[in-house]
Every structure is written in C-alpha cells, then in structure tokens.
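User: I am new to this structure and would like to understand what the terms used for it rest on. Please take me through them with care.

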Amino acid sequence: GRVAFKAGQKLALVPATAFADAAVLTTAAALIVAGKAADLTSGVAVARESLASGSAAKALARLVEVSND
C-alpha cells in the first residue's frame, strides 16, 4: 500500500514499507544506544518482531495515553 503525507505544500504518496523501514532502522539504532542490541542486525530483528507482534503498537498507544493525561 501507499501512505499519503504532506511534505511542505505537496501531498506525496510513499510506499508504506518506506515508513516501516525507517521506523525499524531508527528503533534498531535506539536499541544499540540503549544497550539492548549488540549491533544493527540484532536491533533490526528485535524491532521487526516488535512490529509483527503488536507490542510496538501497544507501546505507542500507551505513550499517547500518558501524554494526554
């Protein structure tokens, strides 16, 4: 699928996988910095599992809930 987003004044269509890939790589890097992953490969594996299992969505929902309190 594709996801629409505003980039400046233009509405662009970007493959949904591009957003998922960016999220996975960002998360993998954060896991390395936090000491939860030894390298990018293991960080990517953990991030992908988190997305696939739904735990990433649950964590985001909790963050939104806490932020709105």
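**What the terms rest on**

Analyst: The secondary structure of the protein comes to three helices and two strands, and along the sequence these follow the pattern β-β-α-α-α. Helices (H or I, at least four residues) and strands (E, at least two) are DSSP runs, numbered from the N terminus. The model is predicted, with local features requiring pLDDT of at least 70 and side-chain atom pairs counting only at pLDDT 80 or more, while totals for chains, interfaces and linings use all residues. Residues are numbered from 1 along each chain as its sequence is written, and side-chain values use heavy atoms, with hydrogens and water left out.

User: How do you know what span to expect of helix 2?

Analyst: The expected span of a helix is 1.5 Å times one less than its number of residues. Helix 2, residues 40-53, has 14 residues and reaches 20 Å from its first C-alpha to its last, which is close to the 20 Å expected.

User: Which residues of helix 2 are called buried, and what makes a residue buried or exposed?

Analyst: Buried means under 20% relative accessible area, exposed over 50%, and partly exposed in between, with a 1.4 Å probe and protein chains only. In helix 2 the buried residues are Gly43, Val44 and Ala47. Seen down the axis of helix 2, these buried residues fall within an arc of 100°, so they line one face of the helix; the arc is that of the directions from the helix axis to the C-beta atoms. The face of helix 2 turned away from the buried side carries the exposed residues Thr41, Glu49 and Ala52. Of the 69 residues of the protein, 10% count as buried.

User: Why is Ala45 called partly exposed?

Analyst: Ala45, which is in helix 2, has 45% relative accessibility and therefore counts as partly exposed. The C-alpha atom of Ala45 is separated by 8.1 Å from that of Ala28, 17 residues apart along the chain.

User: What makes Asp39 a cap of helix 2?

Analyst: A side-chain oxygen of Asp39 lies 3.3 Å from the backbone nitrogen of Thr41, at the N-terminal end of helix 2. A polar contact is a pair of N or O atoms within 3.5 Å, where within protein one must be able to donate a hydrogen and the other to accept it, and residues adjacent in sequence count only if both atoms are side-chain atoms. Just after helix 2, Gly54 takes a positive phi of about 90°.

User: Which residues make the nonpolar surface patch, and what makes a patch?

Analyst: Leu25, Ile32 and Leu40 make the patch, of about 250 Å². Patches are made of residues with over 30% relative accessible area and no salt bridge, with like charges joined within 9 Å and nonpolar side chains (Val, Leu, Ile, Met, Phe, Trp, Tyr) within 5 Å. Leu40, in helix 2, has a relative accessible area of 43%, while Ile32, in helix 1 (residues 16-33), has 33% relative accessibility and counts as partly exposed.

User: Why is the meeting of Arg62 and Glu65 called a salt bridge?

Analyst: A salt bridge is a side-chain nitrogen of Lys or Arg within 4 Å of a carboxyl oxygen of Asp or Glu. The side chains of Arg62 and Glu65 meet at 2.8 Å, N to O, and a search of the whole structure finds one salt bridge. Being three residues apart in helix 3 (residues 55-67), Arg62 and Glu65 are separated by about one helical turn. Arg62 is partly exposed, with a relative accessible area of 45%, and Glu65 counts as partly exposed at 45% relative accessibility.

Note on methods:
Areas by Shrake-Rupley, 256 points an atom, 1.4 Å probe, with all protein chains shown as cover.
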